[in-house]
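Have a look at the model first, then read on.

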Amino acid sequence: MYSHELVTLITVADKGSFLKASEALYTTPASVMNQINKLEGSVGVKLFERTNQGTRLTAAGRAFYEDAKRLISFAEAAVKRARQLAAPGQKVIRVGTSILRPCKRLIEWWNAIDDGSLPYQIDIVPFDDDPKSLNAVIASLGNNIDCFIGPCDSIEWRANYNILQFDKIPCRIAVPRKHRLAKKSRLRWSDLDGETVMLVKRGNSAVLDSMRDDILKNHPSVTIADADNFYDTSVFNECERMNCLMETLDIWKEVHPALLTLPVEWNYEVPYGVIYAKKPDEAMREFIRIMQRSTRRAGGR
């Protein structure tokens, strides 16, 4: 409905620097700068003053910033009105889905709750797992999509978005089929001696930060390789290419046919649940309340 560059502009203005904006958008400062340069080129005016202390809007940039926020608000309202007119009385929930964050479990959960009498329509919205696409989805929660389901222990996500935890799922190890450990049915810490294990960078996951600390303190023969961002399919490709190991989850065991997913004798689990906007609309709030009530009746999941 609107350019991702508008979201980037608003984030840079709110955060006051390309670096802080890149952290909020889960991308690089260079990517943020390129988007702003592209936007300034399209508009034909300078929108930001760059200083050693950060960035600030020019007079033209301030006007554009305010109009961009109104444009996004109008676009969201237009979508909402169109959906309401198309299905009177129906509340539309847009559920995101991707290869690594499939919506199947959320839909199964909802179908177990809804006997057909609830006034909700579920729209499935596909997105990609590459950093730029995932960042855009996260930044526009409540706008382009209402929610998605997946691992949800991101420190940044928990600070800036709402999370309804659905479950905890155990951490596994992905092993290339040609690797020496591929014949194992279960791994121990001792099996990892001398191996390289890929993890997301420190600061992205409290659980994996704890695993990282455990490796550094108690298993010094295990080498840690940092994935550049949250996992996407390129990380699985890199694991297979390097013939190394990577932390993974059962929900991803079909992502790469050349990798096996093996359990490990450890107790690491990541929270798994629904990620949605900090200030959702009333339809989404009620959708979440319904799922919360079902979870409480079931005694937790």
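What volume does the largest cavity have? It comes to about 200 Å³. This is a predicted model, where local features need pLDDT of at least 70 and side-chain atom pairs count only at pLDDT 80 or more, while totals for chains, interfaces and linings use all residues. Residues are numbered from 1 along each chain as its sequence is written, and side-chain values use heavy atoms, with hydrogens and water left out.

**Cavities**

- On a 1 Å grid over the protein atoms alone, a cavity is a set of points where a 1.4 Å probe fits but cannot get out, and lining residues have an atom within 4 Å of a point.
- Grid points are joined across faces, edges and corners, and a volume is the space filled by probe spheres set on the points.
- Counting this way gives three cavities of 30 Å³ or more.
- The largest cavity is lined by 16 residues, and the closest to its centre are Pro151, Asp153, Val200, Phe230 and Trp252.
- That lining splits into 10 nonpolar, three polar and three charged residues (Ala, Val, Leu, Ile, Met, Phe, Trp, Tyr, Cys and Pro count as nonpolar, Asp, Glu, Lys and Arg as charged, and the others, Gly among them, as polar).
- The second largest cavity has a volume of about 130 Å³, and its lining includes His4, Thr8, Leu25 and Gln35.
- H6 provides the largest share of the lining of the second largest cavity, with four residues.

**Helix H1 against H3**

- Helices here are DSSP runs (H or I, at least four residues), numbered from the N terminus.
- The axes of H1 (residues 4-15) and H3 (residues 29-43) come within 9 Å and cross at roughly 110°; axes are lines fitted to C-alpha atoms over the stretch in contact, and angles run from 0 to 180 degrees between N-to-C directions.
- So H1 is roughly perpendicular to H3 (65 to 115 degrees counts as roughly perpendicular).
- By class, the contact of H1 with H3 has five nonpolar, three polar and two charged residues.

**Helix H2 against H3**

- H2 and H3 pack at about 105°, with axes 8 Å apart, so H2 is roughly perpendicular to H3 as well.
- Phe18, Leu19, Ala21, Ser22 and Leu25 of H2 meet Pro29, Val32, Met33 and Ile36 of H3.
- This contact of H2 with H3 has eight nonpolar residues, one polar and no charged.

Methods. Helix = DSSP H or I, 4+ residues; strand = E, 2+ residues; numbered from the N terminus. Parallel < 35°, antiparallel > 145°, perpendicular 65-115°, else oblique. Contact = heavy atoms within 4.5 Å. 1 Å grid on protein atoms, 1.4 Å probe; cavity = no way out; pocket = protein on both sides within 12 Å on 5 of 7 lines; lining within 4 Å.
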